[in-house]
Amino acid sequence: MTSNTTTAAVQAYTMGNGDWLRLLLLSLLWGGSFFFAEVAVETIPPLTLAWARVGLAALALVLIMAALGHLKGAGAWPWGSLLAMGLLNNVIPFSLIFWGQSGIESGLASILNATAPFWSVALGAWVIRSEPITAKRACGLLLGLAGVILLIGPDALSGLGEGVWFQLAVLAAALSYAFAGIWGRRLRALSPWQAAGGQLICSTLLLAPIALFIDRPWTLPPPDSAALASVLGLALLSTALAYLLFFRILRDAGPTNLLLVTLLIPPSAILLGSLFLGERFGLFEVGGLVLILSGLAAIDGRAIRYLSRCFNN
């Protein structure tokens, strides 16, 4: 790839104010999914919960898209690419993370999941050669990851090295998300509605036989009202709405910038827990949040350029 082409690709993926706002909202939606899942998983097995999550989200989007006329020409959509996207973005990471969390603490799993932007940077620079690694981006990612570790608590790293296969499963899930972000470029011709709806339809079809075979949900007692409400929250807010934002950010800002959301999900979850569940938000949390925001500011670059101009004047 020529230098001109590389420059154009990098410029096309500059984060604007709207992209940052959408990224923040996406982190809140996915951070909030921990609340819904915590309630629902008490009475609904994980794979069945994942299937219900994507299935209800797909149904909601299809109904809305039909009303708005977004389903026209659906037969010509790139269903093979959408199927691969559903596999990389939902089926593989959901399954690996569920299994990984059965053997390691959720804090360590969150830290391992937050490595997704690093995988995306590596893939972008060395595999598809579209987004070169810059010192600014590398420093920003390291600051962000350090912030996630501090936010969740350094004690979460105490289990590092124990349960290696469970840890590798979560790392593989993060790698799958990175591949999904890059694969999603093939869906640029689709609107965010079409890409989100198509991916969720495919994910539902892929997860159905797995959930039915392993969980046998028809043998389980019916979930209570709190679990059902949580499933609806997961499906409509943390999946349907979230993936509309996901594909809009992917189209406008690129896969590496999109996966910065994994750095924002832990602080979003902890902040929501502090506001609505009375959970702790102490010095470690504040320090971690400052590091994460500093890393994102370094990646964005505008704050640094502004401060530089102020000091030079």
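Helices (H or I, at least four residues) and strands (E, at least two) are DSSP runs, numbered from the N terminus. By this definition leucine 264, for example, is placed in helix α12, which covers residues 261-276. The structure described here is a predicted model, in which local features need pLDDT of at least 70 and side-chain atom pairs count only at pLDDT 80 or more, while totals for chains, interfaces and linings use all residues. Residues are numbered from 1 along each chain as its sequence is written, and side-chain values use heavy atoms, with hydrogens and water left out.

The overall make-up of the chain comes first. Its secondary structure consists of 14 helices and zero strands, and the pattern read along the sequence is accordingly α-α-α-α-α-α-α-α-α-α-α-α-α-α. Of the 313 residues in the chain, 47% are buried, where buried means under 20% relative accessible area, exposed means over 50%, and partly exposed lies in between (1.4 Å probe, protein chains only). A contact means heavy atoms within 4.5 Å. Among the contacts in the chain with a separation of 6 or more, 89% are between residues 24 or more positions apart.

Two helix pairs, which share helix α4, may now be considered. Helix α4 spans residues 79-100 and helix α9 spans residues 192-215; the two pack at an angle of about 65 degrees, and their axes are 8 Å apart. Axes are lines fitted to C-alpha atoms, for helices over the stretch in contact, and angles run from 0 to 180 degrees between N-to-C directions. Angles under 35 degrees count as roughly parallel, over 145 as roughly antiparallel, 65 to 115 as roughly perpendicular and the rest as oblique. Helices α4 and α9 are therefore roughly perpendicular to each other. Their crossing is right-handed; a crossing is given this name if the near helix is turned clockwise from the far one by less than a right angle, and is left-handed if anticlockwise.

The residues of α4 that meet α9 include Trp79, Leu82, Leu83, Met85 and Gly86, and those on the α9 side include Ala195, Gly198, Cys202, Ser203 and Ile210. By class, this contact of α4 with α9 has 13 nonpolar, six polar and no charged residues. Here Ala, Val, Leu, Ile, Met, Phe, Trp, Tyr, Cys and Pro count as nonpolar, Asp, Glu, Lys and Arg as charged, and the others, Gly among them, as polar.

Serine 203 lies in helix α9 and is buried, with a relative accessible area of 0%. Leaving aside neighbours within four places in sequence, serine 203 is in contact with Val54, Gly86, Asn90 and Val91.

The second pair joins α4 to helix α3, residues 46-68, at an angle of about 150 degrees and with the axes 10 Å apart. Helices α3 and α4 are therefore roughly antiparallel to each other, and their crossing is right-handed. In α3, Pro46, Leu47, Ala50, Arg53 and Val54 meet Asn90, Phe94, Ser95 and Phe98 in α4. The contact of α3 with α4 comprises six nonpolar, two polar and one charged residues.

Helix α3 also contains leucine 49, which is buried at a relative accessible area of 5%. Leucine 49 touches Ala40, Val41, Ile44, Val231 and Leu234, not counting residues up to four places away in sequence. Leucine 49 and aspartate 215 are 166 residues apart in sequence, yet their C-alpha atoms are 10.0 Å apart in space.

The loop between α9 and α10 holds arginine 216. Arginine 216 has a positive phi of about 45 degrees although it is not a glycine, and at 45% relative accessibility it counts as partly exposed. Helix α10, residues 225-253, contains serine 230. Serine 230 counts as buried at 7% relative accessibility and, with residues up to four places away in sequence not counted, touches Phe36, Val39 and Ala40.

Residues up to four places away in sequence aside, leucine 264 touches Leu23, Ser27, Ile292 and Leu296.

The cysteines complete the account. The structure holds zero disulfides, a disulfide being a pair of cysteine sulfur atoms within 2.5 Å. Cysteine 139 is partly exposed, with a relative accessible area of 47%, whereas cysteine 202 is buried, with a relative accessible area of 5%.
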